[in-house]
Amino acid sequence: MAGLKVEWNDWCPGCGNFGILSAEQQAIQELGLDPKKVILVSGIGCSGKIPHFMRLPTSGVHTLHGRALTFALGIKLANPSLEVIVNGGDGDQLGIGVGHFVSAGRRNVDITVIVHDNGVYGLTKGQASPTLKLGVKTKSLPKPNINSDVNPIALAISSGYTFVARGYAYDVKHLKELIKKAIKHKGLAMIDVLQPCPTYNDIHTKEYYDKRVYKLDDDPTWDPVVKKPEEAEEKMSKAIIKSMEWGDRIPIGVFYQNELVSTYEQRIAERSPSYLDNPPANDVIEFEGKPTTDIEDILKERRVT
């Protein structure tokens, strides 16, 4: 089709990444976003190919292992008018990148983070990732996992993320709606996506999840939205407790949402009123090949003679 990118897709047949990619594409289209103002940022791993395989004419940045969030924050703060979406595996975001994952929660920048959670490092042949539970032995491990697992939902909430949800890669329609909510949310949003790896994780398969996954929306008493500041602590606590439910039943949906917290962009604008109208990305830094800023005085101060 005219105007669409065509890339050879090298994911394994049945990979949950196909569902995430489809849900993401549909969410962007249904929200009516201008693809040219959507920036997809990814790290290293199978999920890192998302910007390459997106059929919409979005922009993409395939970055360093564990550093997708830092790139994304820089892009958003340089140009707040852009819609920035991060895609990263559980190892990329919660292993080598976990320091950035936690620190990002303090700032509440208005971006969306999608964690592709399959319990293994798929690109490097199935080692245990941070979300694989203690004692679980997948087909590629010589012995059961020796480490305890990270709970992405609880970690995100306690770090300060203001929209926290869990989706399931094989329920594309439901995941699409979660991504739409995350993008529309004003603040830092994280979706932990249960993403079966048919090649290396023979425990958390499609059959495993299909028997256990249920939607929080089906519970009429579940209300994750903070409507007044004094509700925040109670709803955070309930969401963290709910995130620990794992076994015969695994909940998906929105665990926590709080739009009463100011975004980092708003905080910057309070100090620099011109920030939103004239962000750093609009600054002219060179003219006819020459820098517009004279840094000679700064260099003189630092020169050793």
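Predicted model: local features only at pLDDT ≥ 70, side-chain atom pairs only at ≥ 80, totals over all residues.
Residues are numbered from 1 along each chain as its sequence is written, and side-chain values use heavy atoms, with hydrogens and water left out.

**Overall build**

- The protein chain has 11 helices and 12 strands, taken as DSSP runs (H or I of at least four residues for helices, E of at least two for strands) and numbered from the N terminus.
- Buried residues make up 47% of the 305 residues, where buried means under 20% relative accessible area with a 1.4 Å probe, protein chains only.

**Nonpolar cores**

- A nonpolar core here is a set of buried Ala, Val, Leu, Ile, Met, Phe, Trp, Tyr and Cys residues joined through side-chain atoms within 4.5 Å.
- The largest one has 34 residues, and Leu69, Phe101, Ile111, Val113, Tyr161 and Met190 touch the most other members.
- Elements giving two or more residues to this core include β1 (38-42), β3 (83-89), α5 and α6, while α3 gives the most, with 5 residues.
- A second, separate core of 27 residues includes Met54, Ile85, Ala182 and Val254.
- Leaving aside neighbours within four places in sequence, Tyr161 is in contact (heavy atoms within 4.5 Å) with residues including Leu69, Phe101, Ala156 and Met190.

**The α5/α6 pair**

- Helix α5 (residues 98-107) and helix α6 (residues 152-159) pack at about 45°, with their axes 7 Å apart.
- That angle makes α5 oblique to α6; under 35 degrees would be roughly parallel, over 145 roughly antiparallel, 65 to 115 roughly perpendicular, and the rest is oblique.
- On the α5 side the contact uses Val98, Phe101, Val102, Gly105 and Arg106, and on the α6 side Pro152, Leu155, Ala156 and Ser159.

**His185**

- His185 sits in the loop between α7 (172-184) and β8 (189-194).
- At 0% relative accessibility, His185 counts as buried.
- Not counting residues up to four places away in sequence, His185 touches Asp110, Thr162, Phe163, Gln257, Asn258 and Glu259.

Definitions and conventions:
Axes fitted to C-alpha atoms, helices over the stretch in contact; angles between N-to-C directions. Buried < 20%, exposed > 50% of the residue type's maximum accessible area, 1.4 Å probe, protein only.
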